[in-house]
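Okay, thanks everyone, let me put this one up on the screen. I'll walk through the ring packing and then a couple of other spots.

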Amino acid sequence: MHYIIKVFTLLILSSSFSATAQQDPEIFEKFTSKFYTIDGYKINVEVLGSGDPIFFLPGGPGNSHDYMQGNFGHYYKTNTVVFFDWLGRGKSDDAKNTSEYSVEADVALIEKLRKLLNFDKISLVGHSYGTVPAQAYAIKYKDHVDKMVLINGFHSGAMWQANCDSYNHYAKTHFPEKWKQVDSLRALGYISSQEPLKTVYGNFPTKYIYYHNTSLKQNAPKEKYRGWANAVYTTIIGRDGDFDVSGSMINQDYRQQLKDVKAKTLIVAGRYDGVSTPEFAVQYKTFMPQAQFEMFEQSGHNPYLEEPEKFYSILDTFLKE
């Protein structure tokens with residue numbers, strides 16, 4: 001689903017804002033990049049505010065931090081907020097070898113940043129792919145996580161695969177004319193990261209997969225930035241990841257360990273989410289019964305945009321408890 005995710009990112013960041021009073025159209029100008037050298041690479045980190053620290057983890061994998069900052073930057077008024085670009089994404093350096101991109105490396109970077117910034121405990125807010133390293137971190141470093149928020153996420157590589165299958169079924173049944181091209185190219189052995197399949201697959205209409213309300217718009221930063229890193233996606237999810245998930249993602253499975261997570265956790269799902277589908281999202285109620293689970297009945301993959309009053313009310317209350 002990576003080209004779909006890329007299109008989604010460009011959609012929400014490309015036009016004027018018209019969603020909620022929670023948003024500050026000048027939020028990006030309030031943050032300043034600081035580059036930390038970690039394992040020989042410069043990593044972009046943007047910190048603002050005071051109080052209990054919150055790390056915000058963007059999706060993709062391949063997205064920069066910008067869209068999370070646009071939606072959650074205002075929490076600098078109550079907390080120390082930390083936005084950063086993982087290796088190979090946004091303003092951070094590219095790896096010398098793409099094999100350095102992995103879920104495990106992303107988890108390790110969170111811990112290195114926690115130590116560099118001298119925080120004892122941190123809270124994690126992850127969206128989409130960002131929920132994957134968030135859960136892995138909360139399992140591995142449970143004594144260093146205060147709260148965790150999982151927004152439209154994935155509890156396993158199996159769930160990621162199931163949702164790719166769900167999207168492909170939607171694309172096939174709703175756009176059969178286009179899907180004939182996909183079938184023809186797949187029969188010739190093309191994989192999803194290869195042209196021309198890459199372009200054909202990326203041209204499917206995606207708005208109903210990500211949005212229940214398709215008129216949503218949001219401001220973008222004024223400065224140019226790398227919003228999507230394809231090499232990262234194809235390494236972590238696999239070269240044929242739109243059909244057959246591989247990479248380090250397929251090896252992730254937190255289902256048996258989630259019940260032992262010590263961090264107070266809020267789990268958010270969208271009834272119309274075509275990426276992290278409700279069929280699998282509700283399984284969190286079984287795997288993590290101690291968590292607070294919230295289904296947003298009028299949202300797709302982005303409840304903070306589609307039902308902002310409800311979303312921020314719940315998040316504010318959760319963070320203050």
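So, this is a predicted model, and I'd like to start with K310, which lies over the face of F296, 4.5 Å from the ring centre.

Searching the whole structure turns up 24 aromatic pairs. Take F56 and F72, which are stacked, with 5.5 Å centre to centre and 20° between the planes. That pair links distant parts of the chain, since F56 is in strand β3 and F72 in helix α2, 16 residues apart. Both F56 and F72 are buried. Then there's W179 with F204, and that pair is edge-to-face, at 5.8 Å centre to centre and 65° between the planes. Here W179 sits in helix α6, and F204 is in the loop between α7 and α8, 25 residues away. W179 and F204 are both buried too.

We've got another charge over a ring: the charged end of R186 sits over F243, 3.8 Å from the ring centre.

Now, strands. β7 and β8 pair in parallel, over 5 bridges, and I267 has F293 in β8 as its bridge partner. In β8, 4 of the 5 residues are buried, so the strand is largely enclosed by the rest of the structure.

Last stop, S276, in the loop between β7 and α10. Buried or exposed? Buried, because its relative accessibility is 2%. Its side chain reaches the backbone oxygen of G153 at 2.7 Å. Beyond its sequence neighbours within four places, S276 also has contacts including N152, F154, M159 and H301.

How values were computed:
Residues are numbered from 1 along each chain as its sequence is written. This is a predicted model: local features need pLDDT of at least 70, side-chain atom pairs count only at pLDDT 80 or more; totals for chains, interfaces and linings use all residues. Side-chain values use heavy atoms; hydrogens and water are left out. Helices (H or I, at least four residues) and strands (E, at least two) are DSSP runs, numbered from the N terminus. Buried means under 20% relative accessible area, exposed over 50%, partly exposed in between (1.4 Å probe, protein chains only). A polar contact is a pair of N or O atoms within 3.5 Å; within protein, one must be able to donate a hydrogen and the other to accept it, and residues adjacent in sequence count only if both atoms are side-chain atoms. Contact means heavy atoms within 4.5 Å. Two strands pair if DSSP finds at least two bridges between them. Rings of Phe, Tyr and Trp (its six-membered ring) pair if their centres lie within 6.5 Å; planes under 30 degrees apart count as stacked, over 60 as edge-to-face and the rest as tilted. A charge sits over a ring if NZ of Lys or CZ of Arg is within 6 Å of the ring centre and within 35 degrees of the ring normal.
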